[in-house]
Amino acid sequence: MHSLGVKCNEFAFPSVFKACTLTNDFRLGKQVHGTVVVTGFENDEFVLNSMVVLYAKCGEIADSTRIFDAIPRRTVVSWNALLNCYVQRDSFGEAVELFQDMIVSQTQMYGEGVGVNQTTLSTVLKSIASLQASHICRQMHALSLKSGFEYNNYIVNGLVDAYGKCGQSEDASRVFKESQTSDLLAFTSMITVYSQDGQGEEALKLYLEMQSQGIKPDAFVYSSLFNACASLSAYEQAKQVHVQVLKLGFIIDIFAGNSLVNSYAKCGSIDDAERAFREIPERSIVSWSAMIGGMAQHGHGRLALQMFNEMLKEGVAPNHITLVSVLCACNHAGLVTDAKRYFSSMEELFSVQPMEEHYACMIDILGRAGKLDEAMELVNTMPYEANAAVWGALLGAARIHKNVDLGSKAAEMLINLEPEKSGTHILLANIYASAGMWDGVAKIRKVMKDSNVKKEPGMSWMEIKDKVHTFIVGDRSHPRGKEIYAKLEELSEPLRKAGYVPMVETDLHDVEEREKAKLLYHHSEKLAVAFGLIATPPGAPIRVKKNLRICLDCHTAIKLVSKIASREIIVRDINRFHHFRDGLCSCGDYW
């Protein structure tokens, strides 16, 4: 047409720009732009709108914005083009601001908001999810309802994802249920929300419902299910999901593979995690970080560092998460010199600037090793305000080394930051008790009573044959309660002969020593281990999860039980895994 001398008009140019956009021919598009200027159509709104789309889709955001600003009457297509360009560049804040400008601009021009479509809402919801902007999420939900998109699958999925990322899982669940959608994407979004929110049981239930509706899962569903199993520490469930993944051939998917590594590691089987890791065809930084972090949590500090060096040899550059795992590995193994070397060279060797998590790890390492002055010096010189993780690390160090002054200071700061948490008060009371300062213990109890701070009860649970069994101290409500207590009684004599003496000084109850010894012997983790001994086959590993840090008395007793019963006993407490075997623990009594 051009070679024949036929001139383009305002209707032909938009079609040519659209063709350039679809073929990603930006060079030709710029030439056509020149022709537009020469022929005098540079102010035509239809031509300008199509040019905005071309420049935005080709990633030329500055030029796209300049053209966009020159449009006298912008259509929803031009707004969407620029919105999408911002999102593709991860400029989520700018995308939300542009959307707000869109609403204001069109209201001023027409007296009412511009008509939004599916693309507009989906793009903005993605930005809100990335920003975790919960205050805007409800507004977008209301706009979606007003615009008639409450049953649109893309909008429903966007709302579920946005509410989930904003930590509003109840709202996400309500949107999912009210929409009555039954496609794979909707189920995947909701399962992911439950998994990320720590509601592993709900995620697994929804997976079963999805299967009952005949919806075939994909690798993303299984990735979220593995994460759900990890949050529950549900080893048997993880194995069942693994079997499904193998049957469907998704094990080669990197997302499912990475989640499987993480799941096995957090379910207490680092050997299964490593096997899954070795089977991933192309290991990414996420794969390596999951495996290094898993080894660190299981107390295999030196192996974690060996794996880190293996990763570097393969040319994979670490990120800030990997280096947190490396420092945790040093921490669990007491490798202070290695930790200092990695921490001081992070920026120089790996171009990773130390963040709050790295400082908190390093302070914990120094504190646990008894280098309290160095730890405090780092607190005073770091470029961040000390947060709860830092003061928690110092409080833990004060407990280990019976430093009352440091413990009091750290506890005071923690109580200001997290007044509702009982653990701070309990740790400080333990520090006072170990120093024989019983007046201090009484004072802490009074503060807790006056502030209505409730001590979080210690709970332990274990999974046997797809059923979760829960225990609290002195609990006799379990259907096999008589057998559990009989087993504990049976173990008492062998434990005594092996050298077990109840550490009554660690119990802060205001009762006689004999009663303290009884309470210690009936701690939740001991009840769970006793149940494991009678409910699992001889020689099978016993896996227990606990909501608090394992106490010193239980740690000592379970080490001896592992030798007496010839069993491996794996306890996952709030901080790490303890693998008890032949009278020893993988933590080396350093935790």
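Modeller: Start at Gly 436. Just after helix H25, Gly 436 takes a positive phi of about 75 degrees. Helices (H or I, at least four residues) and strands (E, at least two) are DSSP runs, numbered from the N terminus. The model is predicted, so local features need pLDDT of at least 70 and side-chain atom pairs need 80 or more, while totals for chains, interfaces and linings use all residues. Residues are numbered from 1 along each chain as its sequence is written, and side-chain values use heavy atoms, without hydrogens or water.

Now H25 itself. The helix runs over residues 422-434, which makes 13 residues. The expected span is 1.5 Å times one less than the number of residues. Buried here (under 20% relative accessible area, exposed over 50%, partly exposed in between; 1.4 Å probe, protein chains only) are Ser 422, Thr 424, His 425, Leu 428, Ala 429, Ile 431, Tyr 432 and Ala 433. Their cover includes H23 (388-400), H24 (404-417) and H26 (438-450). Contact means heavy atoms within 4.5 Å.

Compare H7, residues 118-131. Its 14 residues should span 20 Å, and its end C-alpha atoms are 20 Å apart, which agrees. Thr 120, Leu 121, Thr 123, Val 124, Leu 125, Ser 127, Ile 128 and Ala 129 are its buried residues. Just past H7, Gln 132 has a positive phi of about 55 degrees.

H1 can be read likewise. Within residues 12-22, the buried set is Ala 12, Phe 13, Pro 14, Phe 17, Cys 20 and Thr 21. H2 (26-39) and H3 (45-57) are among the elements that cover them. After H1 comes Asn 24, with a positive phi near 55 degrees.

Step back to the chain. It holds 30 helices and six strands. Of its 591 residues, 50% count as buried. Among contacts between residues at least 6 apart in sequence, 62% join residues at least 24 apart. The C-alpha trace spans about 105 × 55 × 55 Å along its principal axes.

A cavity is a set of points on a 1 Å grid over the protein atoms alone where a 1.4 Å probe fits but cannot get out; lining residues have an atom within 4 Å of a point. Grid points join across faces, edges and corners, and a volume is the space filled by probe spheres set on the points. One cavity of 30 Å³ or more is counted. The largest cavity holds about 70 Å³. Helices H27 (481-497), H29 (524-535) and H30 (552-564) each give two or more residues to its lining. That lining includes Leu 488, Tyr 521, Lys 526 and Ile 558. By class it has nine nonpolar residues, no polar ones and one charged. Nonpolar covers Ala, Val, Leu, Ile, Met, Phe, Trp, Tyr, Cys and Pro; charged covers Asp, Glu, Lys and Arg; the others, Gly among them, are polar.

Last, a loop. His 523 lies between H28 (513-521) and H29. His 523 counts as buried because its relative accessibility is 17%. Leaving out residues up to four places away in sequence, His 523 touches Val 473, Cys 551 and Cys 554.

How values were computed: On a 1 Å grid over the protein atoms alone, a cavity is a set of points where a 1.4 Å probe fits but cannot get out, and a pocket is an open set with protein on both sides within 12 Å along at least five of seven lines; lining residues have an atom within 4 Å of a point.
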